[in-house]
Amino acid sequence: MICVKSNKEIEKMRKAGKITAGALVAAGEAIRPGMTTAELDKVVHRYITSHGAKPSFLGYGGFTGSACISINDEVIHGIPGPRKICEGDIVSVDVGAYIDGYHGDSCKTFAVGEVSDEAKALMKSTEESLYLAINMVKPGVRLGDLGAAISKYNEDNGYGVVREFVGHGVGKNLHEDPEVPNFGRAGHGIRLVAGMVIAIEPMINQGTAKIIQLDDGWTVKTADGKLSAHFEHTIAVTQDGAVILTQP
């Protein structure tokens, strides 16, 4: 069931979104070669809790971190731990904050030091496709329109679009209806209405769209070992279009 939010609820979600965005900014300022993903996770945890919120991911389904930290060929759900971040890595940091009964959810892929031109191009395409979809958001637009635009943009650039994981509604629960795929057919799917809050999150692979899940039950990697990038914002649908709730 899709939960349409009132203006009052969306205002509460702005608070969760602002803290979520701030946690990502803090992660971006802290990330450096030689630090471990566990150390980066502590930065996110400290920021969220210091602002009176709870990390949405901590304990979610048994997840042990406050952020999903995925490096290079890891698509999503990387578990923070002793792995060291290296010069030239690209690192996706996915975070959520829960406060006053509502969640925010956002992700950004960071370049650590000087990265390859191929990595820069992948990150650019992924992020641009996110904003392409955001700019389309308004009442009456179908989810298939957004997905088709994201997939065409990235596939035209030669990239693979992950099918197994998609965006989602956000609200009192971290994951709500509807699913928001990064692929689809224009003119098909649920129509957006004012008051819907969704997370749009392209997960784009440098090579094949195929993925594998590791034995840890969480980490998802590209099947061919090539790079993956991930960008996400929580969006409120209004009569005037999209409002990004997780904008820094």
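Which residues in helix 3 are buried?

1. The model discussed here is predicted. In its helix 3, the buried residues are Ala119, Leu122, Met123, Ser125, Thr126, Ser129, Leu130, Ala133 and Ile134. As background, residues three or four places apart in an α-helix point the same way, because there are 3.6 residues a turn.

2. Helix 3 covers residues 117-136, which is 20 residues. At 1.5 Å a residue it should span 28 Å, and its end C-alpha atoms are 29 Å apart, in agreement with that expectation.

3. An open sheet is built from five strands in the order 8-7-9-14-15, with antiparallel pairing. Strand 8 (176-180) and strand 15 (241-244) each have a single partner strand, so one side of each has no neighbour in the sheet. On average, neighbouring strands of this sheet are turned by 30° against each other, direction ignored. Within the sheet, strand 9 (residues 197-200) and strand 14 (residues 233-238) are joined by four bridges, and valine 197 lies opposite alanine 236 of strand 14.

4. The model contains nine salt bridges. One of them joins lysine 5 to glutamate 176, at 2.8 Å from N to O. These partners are 171 residues apart: lysine 5 precedes helix 1 (7-30), whereas glutamate 176 belongs to strand 8. Lysine 5 is buried, because its relative accessible area of 8% is under 20%. Glutamate 176, at 11%, is also buried.

5. Another salt bridge pairs lysine 120 with glutamate 114, with the closest N and O atoms 2.8 Å apart. Here lysine 120 is partly exposed at 38%, while glutamate 114 is exposed at 54%.

Methods:
Residues numbered from 1 in each chain as written. Predicted model: local features only at pLDDT ≥ 70, side-chain atom pairs only at ≥ 80, totals over all residues. Heavy atoms only, no water. Helix = DSSP H or I, 4+ residues; strand = E, 2+ residues; numbered from the N terminus. Expected span 1.5 Å × (residues − 1). Buried < 20%, exposed > 50% of the residue type's maximum accessible area, 1.4 Å probe, protein only. Pairing = 2+ DSSP bridges. Axes fitted to C-alpha atoms, helices over the stretch in contact; angles between N-to-C directions. Salt bridge = Lys/Arg side-chain N within 4 Å of Asp/Glu carboxyl O.
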